[in-house]
Amino acid sequence: MSEVAGEPQDHPHHTSLWYAHQDANGVDTWNFKKGKIVVQGKPEVKVADGAVVLRESALWNSAEGKTVAKEAAVYRFGALADGSRFIDVAVTLSPADGPLKLGDAKDGVLAVRLRPEFDFKNEKTSALNSAGDEKKTIWSKRGNWVKYETVVDGKECGVAMFDDP
């Protein structure tokens, strides 16, 4: 991760928007320690229905290069009439060879790097999930949705993620 003035360097694997898991058949694609995700070919990018659509396929590989899963993903980036923005993510994971087990791990599956103002050290930051858990107690828990809110440059800002049934 390149250094940006004022941005913490505490999680070098938090670089963007990503889909990964700490334990996919024992392979850690979240922290890049025991594996990595290798994009196959050139992603397809087009504009459709007022959104930018990116399609990609990737392999989830162990450190030794063994593929444990195949990923097919579609990312839609757009804006609504009120000025709010959205990213719609649809990921399909398939086993490469034999069963695929996503273990009970702290880190996975969808994440997004946020501004430092969203850190819980900031007293203006709040987080809530669909089960009513707040702040750090939401981590590692499945939920129908999760939202983070804070103040950035004097404006209220928020990020929400929804699980699509």
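At 34% relative accessibility, N25 counts as partly exposed; buried means under 20% relative accessible area, exposed over 50%, and partly exposed in between, with a 1.4 Å probe and protein chains only. N25 also has a positive phi of about 55°, although it is not a glycine. This residue belongs to a predicted model, in which local features need pLDDT of at least 70, side-chain atom pairs count only at pLDDT 80 or more, and totals for chains, interfaces and linings use all residues. Residues are numbered from 1 along each chain as its sequence is written, and side-chain values use heavy atoms, with hydrogens and water left out.

**Fold and dimensions**

- The protein chain contains zero helices and nine strands; helices (H or I, at least four residues) and strands (E, at least two) are DSSP runs, numbered from the N terminus.
- The radius of gyration of the protein chain is 17 Å, close to the 15 Å that the globule rule gives for 165 residues, so the chain is as compact as a globular protein of that length.
- That radius is taken over C-alpha atoms, and the globule rule is 2.2 Å times the number of residues to the power 0.38.
- Along the principal axes, the C-alpha atoms of the protein chain fill a box of roughly 50 × 35 × 35 Å.

**Burial, contacts and surface**

- Of the 165 residues of the protein chain, 24% count as buried.
- Among contacts (heavy atoms within 4.5 Å) between residues at least 6 apart in sequence, 41% join residues at least 24 apart.
- The protein chain exposes about 11,100 Å², of which carbon and sulfur atoms supply 51%; accessible areas come from the Shrake-Rupley method with a 1.4 Å probe, and for residues only the protein chains shown count as cover.

**Charges**

- The protein chain has 22 positive and 25 negative charges, and their mean positions are 2 Å apart.
- Lys and Arg count as positive and Asp and Glu as negative, while His and the chain ends are not counted.
- The place of a charge is taken as NZ of Lys, CZ of Arg, CG of Asp or CD of Glu.

**Backbone features**

- Most residues other than glycine have a negative phi, and most peptide bonds are trans.
- N25 is placed in the loop between β1 (17-21) and β2 (35-48).
- D153, a residue other than glycine, has a positive phi near 50°.
- D153 lies in the loop between β8 (145-152) and β9 (155-162), and it counts as exposed at 69% relative accessibility.
- G108 and V109 are joined by a cis peptide bond with omega of about 10°, and V109 is in strand β6 (residues 108-112).
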